[in-house]
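Subject: Structure handover

Hi,

Here is the structure I promised to pass on to you. Please have a look at it first, and then read my notes below.

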Amino acid sequence: MTGQDPKFVKGAFAKIADRYVLTNHVLSMGTDILWRKKVGRMVRDWKPSRILDVATGTGDLALEMQKKCPDAKVLGTDFCPEMLAHATKGGVMETEVADAMNLRFEDGEFDVVTVAFGLRNMENWQEALTEMARVIKPGGHLLVLDFSLPRGVLKKPYGFYLNKVLPKIAGLLTGQREAYQYLAGSIGEFPSGEKMLGLFEKAGLTNCQWIPLSGGIASIYTGEALRK
Ligand SMILES: C[S@@+](CC[C@H](N)C(=O)[O-])C[C@H]1O[C@@H](n2cnc3c(N)ncnc32)[C@H](O)[C@@H]1O
């Protein structure tokens with residue numbers, strides 16, 4: 001497995017766009033808010049001037065970064081107009097419909113590129129990372145926040161929650177149980193930990209780091225674009 005079907009993904013997000021934020025907060029019991037806040041603090045410490053938030057969706061992370069980095073220009077992009085409409089309405093300063101697999105930007109345009117819960121849904125994870133790394137300035141940062149599978153004692157109960165409980169609750173909230181069955185499957189297939197760091201290095205990034213969150217149910221990965 002190297003990625004997901006973009007036509008299915010775009011359609012699935014278009015259907016759940018109006019209930020996406022609420023469903024996220026219910027399913028994660030608000031933890032997703034804390035994860036995005038942590039990302040905001042990390043990005044603030046890099047003191048960026050231009051930030052690109054790829055697969056911004058409803059713009060939750062872009063808004064958090066706008067709060068934490070008031071002097072930075074934040075651009076949120078997504079290939080699903082229905083999701084992006086919420087980001088624009090919510091106050092993301094600049095938004096644009098764009099496919100992360102083929103960005104229109106010049107090499108090295110951004111100090112920081114972020115993607116939260118988006119990479120997992122892309123057509124080819126390695127190619128997407130390479131494309132995002134391309135638009136980062138030398139010495140700038142890529143940050144990926146996404147779900148991962150916990151190891152150890154949490155592994156079994158989390159697998160049960162993900163595959164049996166979550167699709168039922170999300171189905172009731174959104175009427176789109178299939179989209180959340182897909183979510184559970186996509187998390188199982190997505191590379192995490194050392195495997196993800198390997199993809200970062202292959203994309204030409206250096207100083208790559210992995211920070212597991214909440215017992216490993218999510219992870220932050222960071223890497224630096226090579227200085228010339
Ligand atoms: C789970 S949502 C994440 C939204 C947001 N980043 C967040 O933290 O809530 C995933 C988003 O990725 C977008 N997406 C998936 N593949 C994409 C691609 N190739 N290019 C741009 N956006 C993509 C979807 O349209 C969707 O809005």
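Before anything else, please keep in mind that this is a predicted model.

Let me start with the core. The largest nonpolar core holds 64 residues, and Val113, Met132 and Leu145 have the most contacts inside it. Strand β5, which covers residues 136-147, gives the most to this core, with 6 residues. As general background, nonpolar side chains in soluble globular proteins tend to be buried together.

Leaving out residues up to four places away in sequence, Val113 touches Leu52, Val54, Met132, Val135, Ile136 and Leu142. One of these partners, Met132, is also listed with Val113 among the residues with the most contacts inside the core.

Next, the sheet. Its 7 strands form an open sheet with mixed pairing, in the order β3-β2-β1-β4-β5-β7-β6. At the edges are β3 (94-97) and β6 (205-213), each of which pairs on one side only. On average, neighbouring strands of the sheet are turned by 15° against each other, direction ignored. Strand β4 (residues 110-116) runs parallel to β5, and the two pair over 6 bridges. Within β5, Ile136 is the residue that stands opposite Phe110. Ile136 is also one of the residues that Val113 touches.

Is Trp46 buried, partly exposed or exposed? Trp46 has 17 C-beta neighbours inside 10 Å, so it counts as partly exposed; a buried residue would need 20 or more. Apart from neighbours within four places in sequence, Trp46 is in contact with Asp111, Val112 and His141. Trp46 and His141 are 95 residues apart along the chain, yet their C-alpha atoms are separated by 8.1 Å.

Happy to talk any of this through once you have opened the files.

Best wishes

Technical notes
Residues numbered from 1 in each chain as written. Predicted model: local features only at pLDDT ≥ 70, side-chain atom pairs only at ≥ 80, totals over all residues. Core = buried A, V, L, I, M, F, W, Y, C linked by C-beta atoms within 7 Å. Buried ≥ 20, exposed ≤ 12 C-beta atoms within 10 Å, placed from the backbone. Helix = DSSP H or I, 4+ residues; strand = E, 2+ residues; numbered from the N terminus. Contact = placed C-beta atoms within 7 Å. Pairing = 2+ DSSP bridges. Axes fitted to C-alpha atoms, helices over the stretch in contact; angles between N-to-C directions.
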